[in-house]
Amino acid sequence: MAEITIESISKSFSGVKAVDNVSLTIHDGEFMVLLGPSGCGKTTLLRLIAGFDLPDAGRISIGDRDVTVSPPGRRDIAMVFQSYALFPHLRVFDNVAFGLRMHHVAREEVTSRVREAAELMGIDAFLNRYPTQLSGGQRQRVAVARALVMRPSVILMDEPLSNLDALLRLQMRAELKHLLQDIKTTTVYVTHDQVEALSMGDRTAVMRDGAILQCASPMEVYDRPGDVFVATFIGNPPMNIVRGVARDSTVAVEGVEVRLPEASNFPAAAEVTVGIRAENIEVHSEPHHGALPATVAVIEPLGSHLLLTLAAGAETIKASVRTDFPVKRGDSVWLELREGSVRLLGAVTESARST
Ligand code: ATP
């Protein structure tokens with residue numbers, strides 16, 4: 001069992017709370033992504049799990065072992081860094097073998113385990129090369145092979161794909177996911193790339209200011225974000241955020257009543273923040289019952305669809321339509337917010353009300 005249990009962990013650096021009272025359980029064999037903007041504390045949380053930093057408060061267990069203050073070498077973890085951290089003076093074989101030799105593993109076993117990991121990562125043809133003789137993607141594979149060869153209980157990855165160009169990143173994303181699904185090792189993966197987080201993780205923990213705002217499956221954080229920050233951090237374009245007035249199982253946006261998937265807990269007439277994804281807005285060229293009148297401000301052709309920016313009263317809303325949708329700038333259209341996909345994200349605060 002390599003379940004990771006993080007209980008009320010905090011870590012400050014000169015008064016800055018990098019990780020603030022975080023609790024999280026990462027199940028045995030799970031692929032957990034830590035996602036958030038720069039400086040939100042993802043790397044610090046990963047380093048606390050790894051043992052490179054020690055927490056000011058709280059407890060971390062791996063399996064049934066309390067590792068809160070254990071040195072990294074005693075935690076049965078392997079880490080893949082953004083920089084790959086390969087030894088430039090060692091050939092690929094020796095880079096991959098390094099950890100095994102440090103653990104005094106017998107020579108024949110080192111050879112067979114390095115070859116097995118190299119085959120798995122498709123780098124067996126490069127074992128005699130030096131890291132400088134490899135492409136970025138190949139170096140990245142060596143770094144993963146070096147982690148896998150240790151057969152750790154837990155693999156920690158800190159932005160392992162961020163040094164690759166866009167196309168290679170896409171390819172490696174699928175490869176890594178495939179591989180990690182096969183070996184079923186508990187994995188914690190740090191990224192600020194929301195597409196990577198959604199596509200790779202079993203669950204995604206969205207962080208901000210040292211705290212976890214929401215931890216759920218990719219579809220859940222995309223479709224049912226817990227708050228406005230998650231709604232706008234995840235998805236491209238971000239979720240539309242508009243103001244509404246709640247009334248039991250409907251919400252009025254710009255005076256037009258829209259049915260909610262379920263009755264809300266907000267008091268009648270409460271001002272609320274409403275979230276709706278661009279793809280969940282049906283755009284009509286003619287007036288439509290229950291649809292918001294709007295004017296087309298911007299049309300962006302994005303290959304597979306058109307992204308429209310629309311002015312609906314005081315609100316600016318983005319909606320996507322098929323590329324053959326007849327539309328030009330300045331047209332009047334009617335926006336039907338699809339029932340079942342309208343989300344109430346919270347009450348409008350005093351500060352938001354005054355803006
Ligand atoms: P990035 O995506 O930019 O790497 P991150 O989400 O991983 O960001 P952290 O590196 O964990 O964020 O940093 C969280 C906060 O803690 C930041 O404000 C950072 O400046 C601060 N911090 C992290 N490490 C240290 C350190 N060793 N000394 C001082 N402050 C630190």
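A polar contact here is a pair of N or O atoms within 3.5 Å; within protein, one of them must be able to donate a hydrogen and the other to accept it, and residues adjacent in sequence count only if both atoms are side-chain atoms. With that in hand, look at the ligand: one of its oxygen atoms is 3.0 Å from a polar backbone atom of glycine 41. Before we go on, please note that this is a predicted model, in which local features need pLDDT of at least 70 and side-chain atom pairs count only at pLDDT 80 or more, while totals for chains, interfaces and linings use all residues. Residues are numbered from 1 along each chain as its sequence is written, and side-chain values use heavy atoms, with hydrogens and water left out.

Let us stay with the ligand. Serine 38 has a side-chain N or O atom 2.5 Å from a ligand oxygen, and a polar side-chain atom of lysine 42 is 2.9 Å from an oxygen of the ligand. The protein buries 57% of the 640 Å² that the ligand exposes when taken alone (accessible areas come from the Shrake-Rupley method with a 1.4 Å probe, and for residues only the protein chains shown count as cover). The residues around the ligand include Phe13, Val16, Pro37, Thr43, Thr44 and Glu159; to be counted as near, a residue needs a heavy atom within 4 Å of the molecule. By class, this shell holds five nonpolar, five polar and two charged residues, where Ala, Val, Leu, Ile, Met, Phe, Trp, Tyr, Cys and Pro count as nonpolar, Asp, Glu, Lys and Arg as charged, and the others, Gly among them, as polar. Strand β2 (16–26) and helix α1 (42–50) each supply at least two shell residues, and α1 gives the largest share, with three. Helices (H or I, at least four residues) and strands (E, at least two) are DSSP runs, numbered from the N terminus.

Now move along to helix α2, residues 92–102, where Val92, Phe93 and Leu100 are among the buried residues. Buried means under 20% relative accessible area, exposed over 50%, and partly exposed in between, with a 1.4 Å probe and protein chains only. The cover over these buried residues includes α3 (107–121) and α4 (136–148). In the loop between α2 and α3 you will find histidine 104, whose phi is near 55°, a positive value in a residue other than glycine. Histidine 104 is exposed, at 71% relative accessible area. Arginine 113, in helix α3, counts as buried at 11%. Leaving out residues up to four places away in sequence, arginine 113 touches Leu100, Val149, Met150 and Arg151 (contact means heavy atoms within 4.5 Å).

Next comes the interior. A nonpolar core is a set of buried Ala, Val, Leu, Ile, Met, Phe, Trp, Tyr and Cys residues joined through side-chain atoms within 4.5 Å. The largest one has 47 residues, and those touching the most other members include Val114, Val144, Leu176 and Tyr189. Helix α4 gives the most to this core, six residues. Apart from this core lies another, of 29 residues, among them Val251, Val272, Leu306 and Val333.

Serine 8, in strand β1 (residues 4–13), has a positive phi near 45° and is partly exposed, at 35%. The peptide bond from asparagine 236 to proline 237 is cis, with omega near 5°, and proline 237 sits in the loop between α8 (228–233) and β11 (240–247).
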